[in-house]
Amino acid sequence: TGKPIMYKNEAVFVRKQGYFPVELLITLENGKEIKLFWKEKENWKRFIFNDPSPIKHAVIDPHYKVPLDRYFLDNSKVCNPSRSGIKRLSLKIGFFFQNLLGFLVL
């Protein structure tokens, strides 16, 4: 029995504007969740760690606790996204309505 394969995982989180202490969530392919808290005022934060499972997706503010965040669609990144048609369509519709509501608020 050899050693299990270890993945060198890297997740980079970026703040486009403003500063809020925020929760971060990294989910691995095996279902393991890594919860972090980003309280520093940096514009970006890099996490590098080794694990037997690769990263599945990473999310900033997974529970939508920052009320001033108007664009939730850019809070996460999936490593191997599903390309099914209905999901793409629903994301486009959601993006349209999010922008429409943002325009109406102005």
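What is the mean pLDDT of the protein, and what percentage of its residues reach 70 or more? This is a predicted model, and its mean pLDDT is 84, with 86% of the residues reaching 70 or more.

**Start with the whole chain**

Colour the chain by confidence and select strand E3 (residues 33–38), where the mean is highest, at 94, and then turn to E6, where the mean is lowest, at 72. Where pLDDT is low, the predicted coordinates should not be read in detail.

Next, switch to a cartoon view, in which 1 helix and 6 strands make up the secondary structure, and follow the sequence through the pattern β-β-β-β-β-β-α. If you display contacts with a separation of 6 or more, 59% of them are between residues 24 or more positions apart.

**Then visit the salt bridges**

A search of the whole structure finds 5 salt bridges, and the stops below include some of them.

Select Arg46 and Glu10, whose side chains meet in a salt bridge with an N to O distance of 2.6 Å. This pair links distant parts of the chain, since Arg46 belongs to strand E4 (residues 44–51) and Glu10 to strand E1 (residues 7–14), 36 residues apart. Arg46 counts as partly exposed, at 43% relative accessibility, and Glu10 is also partly exposed, with a relative accessible area of 43%.

Move on to Glu23 and Lys65, where the side chains form a salt bridge of 3.0 Å, N to O. Glu23 sits in strand E2 (residues 22–28), whereas Lys65 sits in the loop between strand E5 (55–60) and strand E6 (76–78), so this pair ties together parts that are 42 residues apart in sequence. With a relative accessibility of 26%, Glu23 counts as partly exposed, but Lys65, at 54%, counts as exposed.

Is Lys45 buried or exposed? Select Lys45 together with Glu40, its partner in a salt bridge whose closest N and O atoms are 3.3 Å apart. Lys45 has a relative accessible area of 18%, and because the cut-off for a buried residue is under 20%, Lys45 is buried. Glu40, with a relative accessible area of 31%, is partly exposed.

Note on methods
Residues numbered from 1 in each chain as written. Predicted model: local features only at pLDDT ≥ 70, side-chain atom pairs only at ≥ 80, totals over all residues. Heavy atoms only, no water. Salt bridge = Lys/Arg side-chain N within 4 Å of Asp/Glu carboxyl O. Helix = DSSP H or I, 4+ residues; strand = E, 2+ residues; numbered from the N terminus. Buried < 20%, exposed > 50% of the residue type's maximum accessible area, 1.4 Å probe, protein only. pLDDT = per-residue confidence, 0-100. Contact = heavy atoms within 4.5 Å.
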